[in-house]
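Open the model in your viewer and keep the selection tool at hand. The stops below give what to select and what is found there.

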Amino acid sequence: MLFLAGSMLLPIQGKGQDDSSTDNAQLHRAKTVFDTIYAKYSADNTRLLRENYPFDESYRADYLAGESHSSVNDYAYLWPFSGTLSAANALFESTGDASYLRWIDQHILPGLQAYYDDSRTPAAYASYIRSKGHSDRFYDDNIWLGIDFAELYLHSGKPEYLDKAREIWTFVTSGQDTVLGGGVYWCEQKKESKNTCSNAPAAVFALRLFEATGDSVYFHQGKAWYEWTKKWLQDPDDGLYWDNVALNGKVNKRKYPYNSGQMLQSAALLYRITGDQRYLGDAQQIAESGYRFFFEAFKAADGNVHTLLKRSNNWFIAVMLRGYVQLFEIDGNRIYLDAFSESLDYAWQHARSPEGLFSQEWRRVTKPESRRWLLDQAAMAEMYARMAGIH
């Protein structure tokens, strides 16, 4: 029997409260990084952001599906821009402070609209601003937005967020077919692989929509995507997840934090919705294996040994953290979150530039970097905000 778990706001810790206490240190950090993003990355006379600070005309993104633009990209691509929505979402969830909703409505969503492409059906968000012509549309880019909109609805009750989530749902479901028995592609224009990063978060998105609406269609689809990903992309030795499967069945066995983290979150949500112990077992296996695989002991210059995250894309780590937080809300095991906290504390103390910006190296910052990526900053703001909401 399915049941809809209630969504509760965490205790409010608004901007006007003292952020200097130990309990509020992470919140202070989250706010500081978030404010720094808009101080350093804003593009004049727009609601858009730059991809890097300082702006670098020679920069070309290397994370697209073979897509490139010959002209200078004046603004960030969708993926890093969307990280600011996730950061603001996390800040609102952790504080209950409505000023973050106002910032979303007045700054982030008007900027996001520049990427909205309804010239193709179904409508969705493109990888670059629509005024520069057609660019590829990625299912995972849209799923991350859908998750944020579903969660914003759950925490605010504002129907316009649910409307956006449902519109994105239409696009996401258009990206699956019967090849390999189901699953969502990575890129609409280049249907060459089905990735964990487009199927595990699709399951999270579906389950969040089920929590928001009670419509069992979302539950059953979320469960199906979870099972499909587990069948094709789980490493049977440790329970973690590989990156993608090509249409000929060949699996790319790279392991990234966000892939396993989204399956961890999916399993925790499925347990919360159904009470089925199998899902709790799945979640706890991923959590323990992820702890062993993505963390390591690090001896600092002062001789102290820390348990720290291995270097990765900061945003991959932030998405993995979402899964650990989801599990903590069920089993109360603080070991993993304490390790995240130790890493984030160390990064705050050792890895910020003079401008207050982060790179992906949190330990031995031996030389200055020529530019700092927008998404790295958004991910740090999100992580500090999520840690602030844990009690």
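This is a predicted model: local features need pLDDT of at least 70, side-chain atom pairs count only at pLDDT 80 or more; totals for chains, interfaces and linings use all residues.

**Stop 1: α1 and α12**

Select residues 25-40 for helix α1 and residues 374-388 for helix α12. Their axes lie 7 Å apart, and the packing angle is about 155°. Angles over 145 degrees count as roughly antiparallel, so α1 is roughly antiparallel to α12. The crossing of α1 past α12 is left-handed.

Now show side chains. On α1, the contact is made by Gln-26, Leu-27, Arg-29, Ala-30, Val-33, Phe-34 and Ile-37. On α12, the residues include Leu-374, Gln-377, Met-380, Tyr-384 and Met-387, and also several alanines, among them Ala-378, Ala-381, Ala-385 and Ala-388. Coloured by class, the contact of α1 with α12 shows 13 nonpolar residues, two polar and one charged.

**Stop 2: α2 and α4**

Go on to helix α2, residues 78-95, and helix α4, residues 139-156. The two axes cross at roughly 20° and come within 10 Å. An angle under 35 degrees counts as roughly parallel, and α2 and α4 are therefore roughly parallel to each other. α2 also passes α4 in a left-handed crossing.

The α2 side of the contact consists of Leu-78, Trp-79, Ser-82, Leu-85, Ser-86, Asn-89, Phe-92 and Glu-93. They meet Asp-141, Leu-145, Asp-148, Phe-149, Glu-151, Leu-152, His-155 and Ser-156 of α4. By class, the residues of the contact of α2 with α4 are seven nonpolar, five polar and four charged.

**Stop 3: α7 and α8**

Select residues 216-233, helix α7, together with residues 257-274, helix α8. Here the axes cross at roughly 140° and come within 11 Å. Roughly antiparallel requires an angle over 145 degrees, and α7 and α8 are therefore oblique to each other. Their crossing is left-handed.

Phe-219, Lys-223, Tyr-226, Thr-229 and Lys-230 make the contact from α7. From α8 come Met-263, Ser-266, Ala-267, Leu-270, Ile-273 and Thr-274. Six nonpolar, three polar and two charged residues form the contact of α7 with α8.

**Stop 4: Val-172**

Centre on Val-172 in helix α5, residues 159-173. Is Val-172 buried or exposed? Its relative accessible area is 0%, so Val-172 is buried. Leaving out residues up to four places away in sequence, Val-172 touches Tyr-139, Ile-143, Val-184, Ala-202, Phe-205 and Trp-225.

**Stop 5: Ser-99**

Select helix α3, residues 98-112, and pick out Ser-99. Ser-99 has 16% relative accessibility and counts as buried.

**Stop 6: Asp-235**

Asp-235 sits in the loop between α7 and β5 (244-246). With a relative accessibility of 9%, Asp-235 counts as buried. Which residues does Asp-235 touch, not counting residues up to four places away in sequence? They are Leu-240, Trp-242 and Lys-255. Select Asp-237 as well, where the backbone nitrogen lies 2.8 Å from a polar atom of the Asp-235 side chain.

**Stop 7: Backbone geometry**

Most residues other than glycine have a negative phi, and most peptide bonds are trans. The next selections depart from that.

- Tyr-53 to Pro-54: the peptide bond is cis, with omega near -10°. Pro-54 is in the loop between β1 (52-53) and α2.
- Thr-121 to Pro-122: this bond is also cis, with omega about -5°. Pro-122 is in the loop between β2 (116-117) and β3 (124-125).
- Asn-45: phi is positive, about 65°, although the residue is not a glycine. Asn-45 is in the loop between α1 and β1, and is exposed at a relative accessible area of 83%.
- Leu-180: phi is positive here too, near 65°. Leu-180 is in the loop between α5 and β4 (193-195), and is buried, with a relative accessible area of 15%.

Key. Residues are numbered from 1 along each chain as its sequence is written. Side-chain values use heavy atoms; hydrogens and water are left out. Axes are lines fitted to C-alpha atoms, for helices over the stretch in contact, and angles run from 0 to 180 degrees between N-to-C directions. Helices (H or I, at least four residues) and strands (E, at least two) are DSSP runs, numbered from the N terminus. Angles under 35 degrees count as roughly parallel, over 145 as roughly antiparallel, 65 to 115 as roughly perpendicular and the rest as oblique. A crossing is left-handed if the near helix is turned anticlockwise from the far one by less than a right angle, and right-handed if clockwise. Contact means heavy atoms within 4.5 Å. Ala, Val, Leu, Ile, Met, Phe, Trp, Tyr, Cys and Pro count as nonpolar, Asp, Glu, Lys and Arg as charged, and the others, Gly among them, as polar. Buried means under 20% relative accessible area, exposed over 50%, partly exposed in between (1.4 Å probe, protein chains only). A polar contact is a pair of N or O atoms within 3.5 Å; within protein, one must be able to donate a hydrogen and the other to accept it, and residues adjacent in sequence count only if both atoms are side-chain atoms.
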